[in-house]
Amino acid sequence: MADPLDIYKQWLSDNGLKYEIDSDGDIHFKYQTCNMYIINPKKDTQFLQVMLPNFWSIESEQEYLNALKVCNMVSMQRKVVKAFVTEKNTFLMVEMFIDNTPDLEDFMERVLDILIQGRMFFAEKMKELQ
């Protein structure tokens with residue numbers, strides 16, 4: 001079986017997306033101006049995690065509470081994407097099982113677009129709560 005990171009790196013290169021490997025072994029790249037990461041699968045090579053981190057900074061207690069509500073809306077109303085909030089930031093993540101030799105052309109662009117759409121949905125709902 002091929003190393004999943006090699007498969008991801010090849011797909012990124014084939015699609016003109018430059019990437020770097022961070023200190024955790026995760027792949028960092030930009031897609032439609034957003035910083036994204038493919039998380040190093042380490043021991044579970046059939047588990048794909050793609051993350052869009054820190055896309056909305058939390059500036060107040062009220063904004064934190066609103067972000068919790070909106071993260072719940074994102075997770076409930078958008079396919080595949082999970083939204084969560086930390087003390088100061090928000091994150092989106094797609095997590096899914098894949099086979100040993102995934103054909104990323106079948107789904108990877110859709111995964112990235114789902115994250116972008118989730119970010120837009122989140123921003124829209126946050127503005128409605130202001």
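Accessible areas are taken from the Shrake-Rupley method with a 1.4 Å probe. On this basis the protein, examined here as a predicted model, exposes about 7,600 Å², and carbon and sulfur atoms supply 48% of that area. Buried residues account for 45% of the 130 residues. The C-alpha trace spans about 50 × 30 × 30 Å along its principal axes. The radius of gyration is 15 Å, in agreement with the value near 14 Å that a compact globule of 130 residues would have. Of the contacts with a separation of 6 or more, 55% are between residues 24 or more positions apart.

The protein contains three helices and six strands. Along the sequence these elements follow the pattern α-β-β-β-β-α-β-β-α. The six strands form an open sheet with antiparallel pairing, in the order E1-E2-E3-E4-E6-E5. Strand E1 (19-21) and strand E5 (81-85) are the edge strands, each of them pairing on one side only. From one strand to the next, the twist averages 25 degrees.

Among the residues involved is Val-81, whose bridge partner in E6 is Val-94.

Two helices lie across strands of the sheet. Helix H2 (residues 61-77) lies across E5 and E6, and runs at about 170 degrees to E5. Helix H3 (residues 108-129) lies across strand E2 (27-31), strand E3 (34-38) and strand E4 (47-52), as well as E5 and E6. The angle between H3 and E6 is about 150 degrees.

Within the sheet, Gln-49 was examined in detail. This residue is located in strand E4. Its relative accessibility is 17%, and Gln-49 therefore counts as buried, the cut-off being under 20%. The side chain of Gln-49 is joined to that of Glu-95 by a polar contact of 2.6 Å. When neighbours within four places in sequence are left aside, Gln-49 is in contact with Tyr-37, Ile-38 and Ile-39, and also with Met-93, Val-94 and Glu-95. Val-94, one of these contacts of Gln-49, is also the residue in E6 that is the bridge partner of Val-81.

Note on methods. Residues are numbered from 1 along each chain as its sequence is written. This is a predicted model: local features need pLDDT of at least 70, side-chain atom pairs count only at pLDDT 80 or more; totals for chains, interfaces and linings use all residues. Side-chain values use heavy atoms; hydrogens and water are left out. Two strands pair if DSSP finds at least two bridges between them. Helices (H or I, at least four residues) and strands (E, at least two) are DSSP runs, numbered from the N terminus. Axes are lines fitted to C-alpha atoms, for helices over the stretch in contact, and angles run from 0 to 180 degrees between N-to-C directions. Contact means heavy atoms within 4.5 Å. The radius of gyration is taken over C-alpha atoms; the globule rule is 2.2 Å times the number of residues to the power 0.38. Buried means under 20% relative accessible area, exposed over 50%, partly exposed in between (1.4 Å probe, protein chains only). A polar contact is a pair of N or O atoms within 3.5 Å; within protein, one must be able to donate a hydrogen and the other to accept it, and residues adjacent in sequence count only if both atoms are side-chain atoms.
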